[in-house]
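Subject: Handover of a structure and notes on what was found

Dear colleague,

Please find below the structure that I am handing over to you.

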Amino acid sequence: MKLARILPVIAGVLLAGCAGPQQSALDSGGPQSGRIEWLWWAFFYVLGVIFVAVLAALLWSLTRRRRGIEQEPLERTHIPSGATEQRLTRTVAGATIATVAILFVLLIGSISTGRALAELGNKQNALAIEVTGNQWWWYVRYLNDDASKIVVTANEIHIPVGRPVMIRGTSNDVIHSFWVPNLHGKRDLIPSRITTEWIEADRPGRWRGQCAEFCGLQHAHMAMWVIAEPEDQFEKWMQARLQPAPEPTDANLQHGRDVFLNNACVFCHHIAGTTAAGQVGPDLTHLASRLTIAAGTLPNTKGNLGGWIVDPQNVKPGNHMATIDIKPADLDSLLDYLRSLK
Ligand code: CUA
């Protein structure tokens, strides 16, 4: 009873260095990750018990052998009697059978989990999202038969709770891997190939995802956020995303937009409702509504955004964002404008 209570604590301490509460395969937010979590704990408990049993047997044999040497003459100890021989044979055979049986049970558990992962009950009202890996950010596009309802964003995926979501993944450059451990396992994103992964959230939440395939210098800074929200909230988010960028409401914001449109920014970034139509970098139409910038690297604050624009190579060395020369006064207006893109 006590052991059952202590083991999760030990595991929690050991795994604390791997992930925070918002990115953990042991805090499932959906049916698939729930199965993975179950399998993980099954392995943990079975193998934990075996580990403890093996150590106990080792300790027992060590203490026993010492006593044996003291009690018996040496020539007799290595000639087991018929009864001992039989007992040894039985023990070894029993241990072998137990090992095979345990491995078999673990194998079945693993295979059935793998199968269950491929199944997601009702895919009738599924949502399809295209996720494209780039060095080092995520292009996100909500597919729709009606072209006017296609939403494009970056590094942040909103999904409705209780609705299956198909992630159609690919890559623009090298192999990346889409991994949101609170929802599912990893899925490689491969150039000129499409891989799919079904995810579903069964409760609202905000979870961190991370590229799980080494993809270059800033692989570690290729994160994303998945936000699961109730259907009505999700719909509201979608509707807001379909709107073009808000028009500047004062001279400062107007100037900020001019700074953006008259600089190299427009070659890479798109802002709906303006002439900026670049497709190389993340869509900035609703930049201010996102939690982070630079693919989960920095919280989305004015100061961080300023630092990122002035010296992107300092924040994420090797990234493809150009360093442009902007006067301090212009930068302030530019930041105010970008911060207005809600
Ligand atoms: Cu993309 Cu690692």
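A residue is called buried when its relative accessible area is under 20%, exposed when that area is over 50%, and partly exposed in between, as computed with a 1.4 Å probe on protein chains only. By this rule Glu-231 is partly exposed, with a relative accessible area of 33%.

Please keep in mind that this is a predicted model, in which local features need pLDDT of at least 70 and side-chain atom pairs count only at pLDDT 80 or more, while totals for chains, interfaces and linings use all residues. Residues are numbered from 1 along each chain as its sequence is written, and side-chain values use heavy atoms, with hydrogens and water left out.

Helices and strands are named as follows: they are DSSP runs numbered from the N terminus, with helices (H or I) of at least four residues and strands (E) of at least two.

The first topic is the sheets. Strands of a sheet pair through backbone hydrogen bonds, either parallel or antiparallel. Here, two strands pair if DSSP finds at least two bridges between them.

β5 and β8 are joined in the antiparallel sense over 5 bridges, and Met-166 has Trp-198 in β8 as its bridge partner. Contact means heavy atoms within 4.5 Å.

Another open sheet has 3 strands, in the order β4-β10-β9, again with mixed pairing. β4 (156–160) and β9 (205–210) stand at its edges with a single partner strand each, so one side of each has no neighbour in the sheet. Neighbouring strands here are turned by 20° against each other on average, direction ignored. β9 pairs with β10 (residues 223–229) in the antiparallel sense over 6 bridges, and the bridge partner of Gln-210 in β10 is Ala-223. Helix α5 (residues 231–242) packs on this sheet as well, touching β4 and β10, and its direction makes about 135° with that of β4.

The second topic is salt bridges. Side chains of opposite charge can pair when their charged atoms come close. A salt bridge is counted when a side-chain nitrogen of Lys or Arg is within 4 Å of a carboxyl oxygen of Asp or Glu. The structure holds 7 of them. One of these joins the side chains of Glu-130 and Arg-141 at 3.2 Å, N to O. Glu-130 lies in strand β1 (residues 127–134) and Arg-141 in strand β2 (residues 137–142), so this pair ties together parts that are 11 residues apart in sequence. Glu-130 counts as buried at 14% relative accessibility, whereas Arg-141 is partly exposed at 25%.

Arg-163 forms a salt bridge with Glu-231, and their closest N and O atoms are 2.6 Å apart. This pair links distant parts of the chain, with Arg-163 in the loop between β4 and β5 (165–171) and Glu-231 in helix α5, 68 residues apart. Arg-163 is buried, with a relative accessible area of 14%.

Lys-302 and Asp-332 also form a salt bridge, with the closest N and O atoms 3.2 Å apart. Lys-302 is in helix α8 and Asp-332 in helix α10, 30 residues apart. Lys-302, Asp-332 and Asp-336 are linked in a network of salt bridges.

The last topic is helix α8 (residues 302–310), in which Leu-305, Gly-306, Trp-308 and Ile-309 are buried. These residues cover an arc of only 165° around the axis, which puts them on the same side of α8; the arc is that of the directions from the helix axis to the C-beta atoms. Their cover includes β11 (292–293), α9 (312–315) and α10 (328–339).

Yours sincerely,

A colleague

Key:
Axes fitted to C-alpha atoms, helices over the stretch in contact; angles between N-to-C directions.
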